[in-house]
Amino acid sequence: MKNGLTLTEINITLAKPDEEDAQIKAFASLVLNDCFLVQGIRIVSGKFGLFISWPRMYDPIQKRGFSACFPIYNDLSDLRSEEHTSEL
């Protein structure tokens, strides 16, 4: 990855859907460089397959949600690869 960033750990927990066709398939967290934890990642089933939904926050004043964190390089966006989602 660029700038010496290394993905050192990924934890994926399968969701327990209330419905057979639930969109959220799993929850994930990842650790970068053995020192920075990102939680609240969701693996979602969409129209074109599985994708990563990064953590979001809600602004009650503006009454809208926004991304709390997101990758600026494609390396982390590729977490939806078959390697990480094959068990879903």
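The structure is a predicted model, so a few ground rules apply: local features need pLDDT of at least 70, side-chain atom pairs count only at pLDDT 80 or more, and totals for chains, interfaces and linings use all residues. Residues are numbered from 1 along each chain as its sequence is written, and side-chain values use heavy atoms, with hydrogens and water left out.

To start with the overall layout, the chain has 2 helices and 6 strands. These are DSSP runs numbered from the N terminus, with helices being H or I runs of at least four residues and strands being E runs of at least two. Going along the sequence, the pattern reads β-β-β-β-β-β-α-α. Of the 88 residues in the chain, 24% are buried; the cut-offs are under 20% relative accessible area for buried, over 50% for exposed, and partly exposed in between, with a 1.4 Å probe and protein chains only. The chain exposes about 6800 Å², and carbon and sulfur atoms supply 50% of that area. Accessible areas come from the Shrake-Rupley method with a 1.4 Å probe, and for residues only the protein chains shown count as cover.

Two strands count as paired if DSSP finds at least two bridges between them. Strand 1 and strand 2 pair in the antiparallel sense over 7 bridges, and N11 stands opposite S29 in strand 2.

What about the inside? The largest nonpolar core has 9 residues: A26, A28, L30, L32, V38, I41, I43, I52 and W54. Such a core is a set of buried Ala, Val, Leu, Ile, Met, Phe, Trp, Tyr and Cys residues joined through side-chain atoms within 4.5 Å. Strand 2 (24–32) and strand 3 (36–46) each supply at least two of its residues, and the largest share, 4 residues, comes from strand 2.

S29 lies in strand 2 and counts as buried, at 13% relative accessibility. Leaving aside residues up to four places away in sequence, S29 touches E9, I10, N11, L37, V38, Q39 and I41, where contact means heavy atoms within 4.5 Å. I24, also found in strand 2, is partly exposed, with a relative accessible area of 30%. With the sequence neighbours up to four places away left out again, I24 touches A15, R42, I43 and V44.

Finally, strand 5 (residues 56–59) and strand 6 (residues 64–67) pair in the antiparallel sense over 4 bridges, with M57 opposite F66 in strand 6. These strands form a hairpin with 4 residues between them, and K63 in the turn has a positive phi of about 55°. K63 counts as exposed, at 65% relative accessibility. D34, in the loop between strand 2 and strand 3, has a positive phi of about 55° although it is not a glycine. D34 is exposed too, with a relative accessible area of 64%.
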